[in-house]
Amino acid sequence: MFRLKSIEEQLKEYPDFLTFNQVAEILQVSERTMYRLIKGAQIEAVKVRGVWRIPKMALVEYLQEHNCLNVD
């Protein structure tokens, strides 16, 4: 039987802090949408030396809040 991977399993190879582009790719959204998510505080992000970093757990929380997590 086919088993869907949990988001935690899917993200385990990523570092604890993701880049703007990594999160956009994971969510399959545009750059503009990413800025809206960050500016609207829907996804926690910090700017380090002018570059956005998103904690992996913030992405997981966002997906949980929007019922986007796969189940076993």
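Predicted model: local features only at pLDDT ≥ 70, side-chain atom pairs only at ≥ 80, totals over all residues.
## Chatting through the helices

Student: Which residues of α4 are buried, then?
Tutor: Helix α4 covers residues 56-65, and its buried residues are Lys 56, Ala 58, Leu 59, Val 60, Tyr 62 and Leu 63.

Student: And what follows α4?
Tutor: Asn 67 does, with a positive phi near 50°.

Student: Switching topic: how do the axes of α2 and α3 cross?
Tutor: Helix α2 (residues 20-27) and helix α3 (residues 31-39) have axes that come within 10 Å and cross at roughly 105°. Angles of 65 to 115 degrees count as roughly perpendicular, so α2 is roughly perpendicular to α3.

Student: Nice. Which residues make that contact?
Tutor: From α2 you have Phe 20, Val 23, Ala 24 and Leu 27. On the α3 side, the contact is made by Glu 31, Met 34, Tyr 35, Leu 37 and Ile 38.

Student: What about the surface, which residues form a nonpolar patch there?
Tutor: Phe 17, Val 46 and Val 48 do, with about 260 Å² of accessible area together. Val 46 sits in strand β2 (residues 46-48).

Student: Why does Val 46 count as partly exposed?
Tutor: Because its relative accessible area is 36%, which falls between the 20% limit for buried and the 50% limit for exposed.

Student: Last one: where is Gln 10?
Tutor: Gln 10 lies in helix α1 (residues 7-11), and is partly exposed at 36% relative accessibility. Gln 10 and Ile 26 are 16 residues apart in sequence, with their C-alpha atoms 9.8 Å apart in space.

Definitions and conventions. Residues numbered from 1 in each chain as written. Heavy atoms only, no water. Helix = DSSP H or I, 4+ residues; strand = E, 2+ residues; numbered from the N terminus. Buried < 20%, exposed > 50% of the residue type's maximum accessible area, 1.4 Å probe, protein only. Patch = residues over 30% accessible without salt bridge, like charges linked within 9 Å, V, L, I, M, F, W, Y side chains within 5 Å. Areas by Shrake-Rupley, 256 points an atom, 1.4 Å probe, with all protein chains shown as cover. Salt bridge = Lys/Arg side-chain N within 4 Å of Asp/Glu carboxyl O. Axes fitted to C-alpha atoms, helices over the stretch in contact; angles between N-to-C directions. Parallel < 35°, antiparallel > 145°, perpendicular 65-115°, else oblique. Contact = heavy atoms within 4.5 Å.
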